[in-house]
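I opened this structure to look up a few things and write them down. The entries follow in the order I made them.

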Amino acid sequence: MNPYSFIVSILVYIAVVVLVVGLVYRIYKWIRIPRSNVKLGLYPKPKTGIGRTGKLIKDTFLFPQVYDVDRWMWLFVVALHLTIVFAFAGHMRLIREFTPLVNALGAEGMDTFALISGGVVGIIMMLAAFFLFMRRFKSPYKDI
């Protein structure tokens, strides 16, 4: 048996089984924790379910707390997260083709589109990650 086929065929399945069993175990432990009678809510908390859902979506995608503290950091945080999403979507092409886009651009156009958009996304991602990484070495953030 080729050692590479062992890695590809068996260890991948072992890793998936370990992941699933570990997730099920953690969820089981989390469910068994006793509930608290204290209702935790940050002020001002929206009173309706739609309001809470809207606040959750706003906090998740727009990072308003970061915007209030440092607008430059907010810009680079948003850029980094958007480029991660675009890079993930671009790599999905390896799994499944997006047929309408391929039909519109053709094979050569699709390769050119991937080259340009992938290069731009990569550069923006590197700049954003570099800014956020270097910010950790600048005072007063290096002490955190």
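**Entry: a salt bridge inside a helix.** I began with Asp-59 and Lys-55, whose side chains meet in a salt bridge with an N to O distance of 3.2 Å. I note that the model is predicted. Both residues belong to helix α2, and because they are 4 residues apart there, about one helical turn separates them. Asp-59 has a relative accessible area of 24%, so I put it down as partly exposed. Lys-55 is at 33%, which also makes it partly exposed.

**Entry: the other salt bridge.** How many salt bridges does the structure hold? I found 2.

**Entry: the start of α4.** Asp-70 came up again when I looked at helix α4. Asp-70 caps the N-terminal end of this helix, with a side-chain oxygen 3.3 Å from the backbone nitrogen of Trp-72.

**Entry: the length of α4.** I wanted to know what span to expect for α4, which runs over residues 71-91. With 21 residues at 1.5 Å a residue, the helix should span 30 Å, and its end C-alpha atoms are 30 Å apart, so the two values agree.

**Entry: the buried side of α4.** Which residues of α4 are buried? I listed Met-73, Val-77, Val-78, Leu-80, Thr-83 and Ala-87. The elements that cover them include α3 (64-69) and α5 (99-135).

**Entry: Thr-83.** Thr-83 sits in helix α4 and has a relative accessible area of 5%; buried means under 20%, so it qualifies. The Thr-83 side chain reaches the backbone oxygen of Ala-79 at 2.9 Å. Leaving out residues up to four places away in sequence, I found that Thr-83 touches Val-121, Ile-124 and Met-125.

**Entry: two phenylalanines.** Phe-63 is found in the loop between α2 (49-62) and α3. Is Phe-63 buried or exposed? Its relative accessibility is 18%, so I count it as buried. I also looked up its backbone angle: the phi of Phe-63 is near 50°, a positive value in a residue that is not glycine. I wrote this down because most residues other than glycine have a negative phi.

Phe-98 lies in the loop between α4 and α5. At 54% relative accessibility, I count Phe-98 as exposed. I also looked up how far Phe-98 is from Leu-115, which is 17 residues away along the chain: their C-alpha atoms are separated by 16 Å.

**Entry: a nonpolar patch.** Last, I looked at the surface. Val-12, Val-16, Leu-19, Val-20, Leu-23, Val-24, Ile-27, Trp-30, Ile-31 and Ile-33 form a nonpolar patch there, and together they have about 970 Å² of accessible area. I took Val-24 as one member to check. Val-24 lies in helix α1, which covers residues 3-32. Its relative accessibility is 54%, so Val-24 counts as exposed.

Technical notes: Residues numbered from 1 in each chain as written. Predicted model: local features only at pLDDT ≥ 70, side-chain atom pairs only at ≥ 80, totals over all residues. Heavy atoms only, no water. Patch = residues over 30% accessible without salt bridge, like charges linked within 9 Å, V, L, I, M, F, W, Y side chains within 5 Å. Areas by Shrake-Rupley, 256 points an atom, 1.4 Å probe, with all protein chains shown as cover. Salt bridge = Lys/Arg side-chain N within 4 Å of Asp/Glu carboxyl O. Buried < 20%, exposed > 50% of the residue type's maximum accessible area, 1.4 Å probe, protein only. Expected span 1.5 Å × (residues − 1). Contact = heavy atoms within 4.5 Å. Polar contact = N/O pair within 3.5 Å; in protein donor to acceptor, adjacent residues only side chain to side chain.
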